[in-house]
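Good morning, colleagues. I would like to take you through one model today, beginning with the ligand and then turning to the packing of the helices.

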Amino acid sequence: MYSQGLIGAETETEETAEFLDAFQSRIDAEEKIEPNDPMPHAYRKTLIRMIGQHAHSEIVGMLPEGNWITRAPSLRRKVALLAKVQDEGGHGLYLYSAAETLGVSREQMTEELLSGTAKYSSIFNYPTPTWADIGAIGWLVDGAAIMNQVPLCRCSYGPYARAMIRVCKEESFHQRQGYELMKSLTEGNEDQKAMAQDALNRWWWPSLMMFGPSDTASQHSDQSMKWKIKRFTNDELRQKFVDATVPQAALIGLTMPDPDLTWNQGKNNGDGGYDFGEIDWDEFWRVVKGHGMMNKDRIKARKKAWDEGKWVRDAALAYAAKQNSKAA
Ligand code: FAQ
């Protein structure tokens with residue numbers, strides 16, 4: 001049972017076969033499920049897990065790029081980077097709000113992130129040692145995020161679907177600024193070109209891992225597809241991302257760090273697509289389980305921000321309590 005008193009807080013609904021069938025019929029009819037609608041406990045739980053992890057990813061995802069705000073090479077780049085990082089913070093806030101409609105509190109979600117019981121995207125556990133990493137994140141990480149999130153605009157849960165519409169518009173701008181940054185580097189001197197290639201080499205495989213385990217290993221995909229939370233499987237989205245991104249690299253003269261990458265006309269029902277090399281799943285699970293290069297730093301930074309923000313939360317609550325007592 002999640003905290004009562006919040007919008008959408010779970011009430012005891014007996015999950016008879018009739019209730020579950022009626023719920024599935026609404027999903028099949030493409031009706032949106034709204035916070036106060038009855039829903040199976042497992043549907044609510046899946047959404048809290050997924051939206052919560054998504055929110056944490058946006059907030060933790062501010063850190064790798066935030067690392068470069070003070071060192072952006074021009075005012076134009078600094079303004080764009082500042083705006084982008086701020087957008088990611090905004091996405092986190094919409095998503096925490098969307099999760100709260102399911103009856104979980106933001107404090108509870110944050111505690112789960114800080115204690116390691118809630119996950120966030122593996123991608124944000126890689127370091128950003130060079131300026132080209134900012135281009136690679138925009139181009140590849142935001143590019144992968146868009147591929148994953150555009151279908152989420154049609155998610156069966158209304159508040160998540162609606163939050164995704166604005167998020168995707170902003171991610172699209174982020175992707176373009178990243179690609180434009182990479183393009184500028186590839187048009188620069190040999191060192192700048194090498195810096196762009198090195199960033200692509202380091203970010204390519206982790207970007208493919210963002211889509212999650214392969215379909216045979218994914219625990220939640222089948223049920224989430226049935227509930228129309230997910231519209232495509234992890235492998236389907238990963239393939240779409242590879243097919244869209246490989247020509248973009250070629251266009252700016254960069255080489256994908258995958259010797260097994262080959263065009264296969266037989267893929268995608270004859271429309272063609274790329275075969276690509278084996279993902280290092282050991283690395284993926286290591287990072288997901290907290291043993292990536294930056295996991296400890298990321299959680300430490302979030303804990304510091306949470307602890308140092310306590311007085312603000314206390315002051316806001318005290319102010320709200322005072323206003324309420326005046327109104328009563
Ligand atoms: N990292 O059964 P599945 C962004 C976990 S936002 C860590 O396939 P599911 C914006 C998964 O949670 C990026 N853990 O799970 C930005 C599950 O564990 P659990 C985030 C991962 O949910 C850009 C287990 O593995 N996007 O980048 C990962 O059906 C630039 C089994 O997996 C979202 O969250 C991973 N990569 O599919 C910000 C989008 N993959 O929970 C700043 C919404 C899987 O049972 C800068 N989420 N796991 O303990 C989704 O679409 C899905 O949740 C997936 C995973 C596709 C991520």
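Predicted model: local features only at pLDDT ≥ 70, side-chain atom pairs only at ≥ 80, totals over all residues.

For K230, a polar side-chain atom is found 2.6 Å from an oxygen atom of the ligand. For R49, an N or O atom of the side chain is 3.0 Å from an oxygen atom of the ligand.

How many residues surround the ligand, and which are the closest? There are 37 residues around the ligand, and the closest are K119, S218, Q219, H220 and K230.

I now turn to the helices. Two packed helices are described by the angle between their axes and the distance between the axes.

Consider helix 6, residues 132-149, against helix 7: their axes come within 7 Å and cross at roughly 145°. The crossing in which helix 6 passes helix 7 is left-handed. Sorted by class, this contact of helix 6 with helix 7 comprises 13 nonpolar, nine polar and two charged residues.

Helix 7, which spans residues 158-186, also packs against helix 8, residues 190-209; here the axes come within 7 Å and cross at roughly 135°. Helix 7 is therefore oblique to helix 8. On the side of helix 7, the residues involved are M182, L185 and T186, and they meet Q192, K193, A196, A199 and L200 in helix 8. That contact of helix 7 with helix 8 divides into five nonpolar, two polar and one charged residue.

The last pair is helix 5, residues 106-115, with helix 12, residues 295-308. Their axes come within 10 Å, crossing at roughly 145°. Is the crossing of helix 5 and helix 12 left-handed or right-handed? Helix 5 passes helix 12 in a left-handed manner. Helix 5 contributes E107, T110, L113 and L114, which meet I299, R302, K303 and W306 of helix 12. By class, the residues of this contact are four nonpolar, one polar and three charged.

Thank you for your attention.

Definitions and conventions:
Residues numbered from 1 in each chain as written. Heavy atoms only, no water. Axes fitted to C-alpha atoms, helices over the stretch in contact; angles between N-to-C directions. Helix = DSSP H or I, 4+ residues; strand = E, 2+ residues; numbered from the N terminus. Left-handed = near helix turned anticlockwise from the far one by under 90°. Contact = heavy atoms within 4.5 Å. Nonpolar A, V, L, I, M, F, W, Y, C, P; charged D, E, K, R; others polar. Parallel < 35°, antiparallel > 145°, perpendicular 65-115°, else oblique. Near = heavy atom within 4 Å. Polar contact = N/O pair within 3.5 Å; in protein donor to acceptor, adjacent residues only side chain to side chain.
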